[in-house]
Amino acid sequence: MAYETPPDDAFLADFRSLSTIGATAGGGVDRQAATPVDGQSRTWFRGLMEGHGFDVHYDEVGNQFALLQLVPGAPYLVLGSHLDSQPLGGRFDGAYGVLAGAHAALRLAGRLAAEGRTPALNIAVANWFNEEGCRFKPSMMGSSVFTGKLPAEQALQTTDPHGVTVQQALEDIGTHGDFTLDIACYAEIHIEQGRSLEDAGLTIGLVESTWGANKYEFVVHGEQAHTGATVIADRHDALLGASSLVVAAREIAEQHSTDDHMVITSCGEFTVFPNSPVVVASQVKLLVDVRSTDADVLAAADAELHRRIADIEQRADVRIERGAEHIWDAKAYDQAGMELAAASADELGLSHGTVRTLAGHDSTNLKDIVPTIMLFVPSVEGISHNERELTSDEDMLDGVRMLTEVAGRVLAGEFVR
Ligand code: GLV
Ligand code: MN
Ligand code: MN
C-alpha cells in the first residue's frame with residue numbers, strides 16, 4: 001500500500017493517466033456511460049485500487065465500489081463521484097472527485113496502519129454509474145437507484161438512442177453485478193463548474209445546499225409537409241413549436257429571476273425528425289430544465305413554462321406531449337458536516353466559503369439517505385461541460401488534502417447524526 005512516489009506526484013500522475021482514457025483532440029474526454037471507453041476507465045480504476053489492496057465490486061446498476069475493510073462488520077464511509085463524461089466533456093468533472101477519493105483513502109489507510117489505529121468505519125471509493133445522463137436519461141442514474149429514488153429495473157431497461165438497454169451496455173463492458181454496500185456516510189469533492197470560488201479567491205467551497213431542478217422531456221408533434229409547397233396556414237410545424245419552447249424557457253429565466261433567487265433555464269437536447277432540407281418537421285424531442293435556489297420561485301417559473309406551452313400549441317398548431325421528468329429539491333446539506341468541513345479547512349490553512357451547487361451531483365441523492373459532505377475546488381473561469389474545463393494542479397492537490405482531512409475526521413467517528 002506504500003507509495004513509490006511522493007503522494008502529490010502520484011496523484012498528478014494518476015490524473016494524467018486517467019485523462020488519456022477517451023481523450024479528445026481539444027484536451028477533454030468523451031466517456032459516455034457504459035460505452036467501451038467508460039469500460040476502460042472502470043478497468044483502469046479497478047487496477048489502481050486492487051493494486052493498493054482494495055476489493056472492487058459492482059452493484060445491480062453498475063455502480064463501482066473499491067472497498068478497504070479496516071473494521072470487520074462496520075459500515076462504510078464512501079468517497080466518490082463519477083468517471084463518465086458528457087460528449088466532448090472536460091477531464092475534471094467527476095473524474096477529479098473519484099481520484100481524489102481514491103488518494104484520500106490511500107493516504108488515510110497508510111496513516112492508520114502507521115499509527116496502529118482502528119477507525120470507526122470502513123472506507124470505500126465509489127464511481128457512480130451514469131452521473132451525466134447523456135447516453136441514458138436521467139442523470140445521476142446510479143446514485144438514484146442506490147438511494148431508492150429510481151427502481152433498478154426501470155434504470156436497467158432504459159434505452160440509448162440506438163435502442164441498447166442499460167443492462168445490455170453494462171453487461172457488454174462486464175460491470176453489472178449484485179453487490180450491496182452498507183453505507184454510513186458520504187463525502188464528495190468536485191470542481192465548482194462556476195465562477196464563485198475563483199471570483200472570491202477561495203480554494204475550497206463548502207456546499208450548503210442544492211438548487212432545485214425540474215427537468216422535462218417534451219415531444220412536439222406536428223405534421224410532415226413540403227417547406228415550399230405547403231402554405232403557412234396549413235402547417236403543423238413541430239420545429240416552430242419546439243423553438244418557441246426554447247425561447248420561452250429563456251424569457252422565463254429573465255422574467256422570474258429575483259435579486260435573491262436566480263432562475264436558470266436551458267434546452268440541452270433537441271432532436272428533429274425527419275431533419276431534411278425541404279421537409280417541415282413532423283416531430284421534435286427536447287429536454288428543458290428549469291432551476292432555482294428557491295422552491296417558490298422555481299414553482300412560479302415552472303407554472304409559467306406550462307402556461308406558455310398551451311399558448312405555443314395554439315400558435316404553432318402543434319401538440320406538445322410531456323414525457324419523463326427528473327426533479328430534485330433545493331435542499332440543505334448536513335449542518336454538522338459543514339462545520340466539520342470548515343474546521344478541517346481551518347486546520348489545513350485553506351481559504352474557504354459556503355456555496356450552493358447549481359449542478360446536480362451524486363451527493364444530491366446521497367445526502368437524502370446518509371450524512372453527506374460536499375466540497376468544491378475552483379474551476380478556471382467557471383468553464384464546464386467543455387473540453388477547456390480546467391482546475392490547477394495546486395487546487396486539485398489542496399482539494400485532496402482537504403478531502404483527506406475531512407475523511408480522517410469522519411473515520412474517527414466525528415460525523416454521526
Ligand atoms: C446534473 O445532472 C445536472 O443536471 O446538473
Ligand atoms: Mn459531475
Ligand atoms: Mn457533468
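E132 and H385 link distant parts of the chain, being 253 residues apart. E132 is placed in the loop between β4 (122-127) and α4 (141-146), and H385 in the loop between β14 (372-377) and α12 (393-411). With a relative accessible area of 7%, E132 is buried; H385, at 43%, is partly exposed. The model is predicted, and the distances and areas reported here are computed from it.

The protein donors of the manganese ion (ligand 2) are H82 (NE2), D93 (OD) and H190 (NE2), at distances of 2.0 to 2.2 Å. Their spacing in sequence is H-x10-D-x96-H. H82 lies in the loop between β3 (76-81) and α3 (95-115), whereas H190 belongs to strand β5 (residues 183-191), so this pair ties together parts of the chain that are 108 residues apart in sequence. Both histidines, H82 and H190, are buried.

Ligand 1 was examined next. The residues surrounding ligand 1 are E131, S139, K215, R291, W328, A359 and G360. By class, this shell comprises 2 nonpolar, 2 polar and 3 charged residues. Domain 1 (8-211 + 330-411) and domain 2 (212-328) both contribute residues to the shell, so ligand 1 lies between them.

Polar contacts to oxygen atoms of ligand 1 involve side chains as well as backbone. In the side chain of S139, an N or O atom is 2.8 Å from an oxygen atom of the ligand. For R291, a polar side-chain atom lies 2.7 Å from an oxygen atom of ligand 1. At G360 the contact is made by a backbone N or O atom, which is 2.6 Å from an oxygen atom of ligand 1. On its own, ligand 1 has 190 Å² of accessible area, of which the protein covers 88%.

Notes: Residues are numbered from 1 along each chain as its sequence is written. Chains are lettered from A and ligands numbered from 1 in the order in which they are written. This is a predicted model: local features need pLDDT of at least 70, side-chain atom pairs count only at pLDDT 80 or more; totals for chains, interfaces and linings use all residues. Side-chain values use heavy atoms; hydrogens and water are left out. Donors are N, O and S atoms within 2.8 Å of the metal (3.2 Å for Na, K and Ca); water is not among the atoms, so sites may look incomplete. Helices (H or I, at least four residues) and strands (E, at least two) are DSSP runs, numbered from the N terminus. Buried means under 20% relative accessible area, exposed over 50%, partly exposed in between (1.4 Å probe, protein chains only). A residue is near a molecule or strand if one of its heavy atoms lies within 4 Å of it. A polar contact is a pair of N or O atoms within 3.5 Å; within protein, one must be able to donate a hydrogen and the other to accept it, and residues adjacent in sequence count only if both atoms are side-chain atoms. Accessible areas come from the Shrake-Rupley method with a 1.4 Å probe; for residues, only the protein chains shown count as cover. Ala, Val, Leu, Ile, Met, Phe, Trp, Tyr, Cys and Pro count as nonpolar, Asp, Glu, Lys and Arg as charged, and the others, Gly among them, as polar. Domain bounds come from an automatic or database domain assignment.
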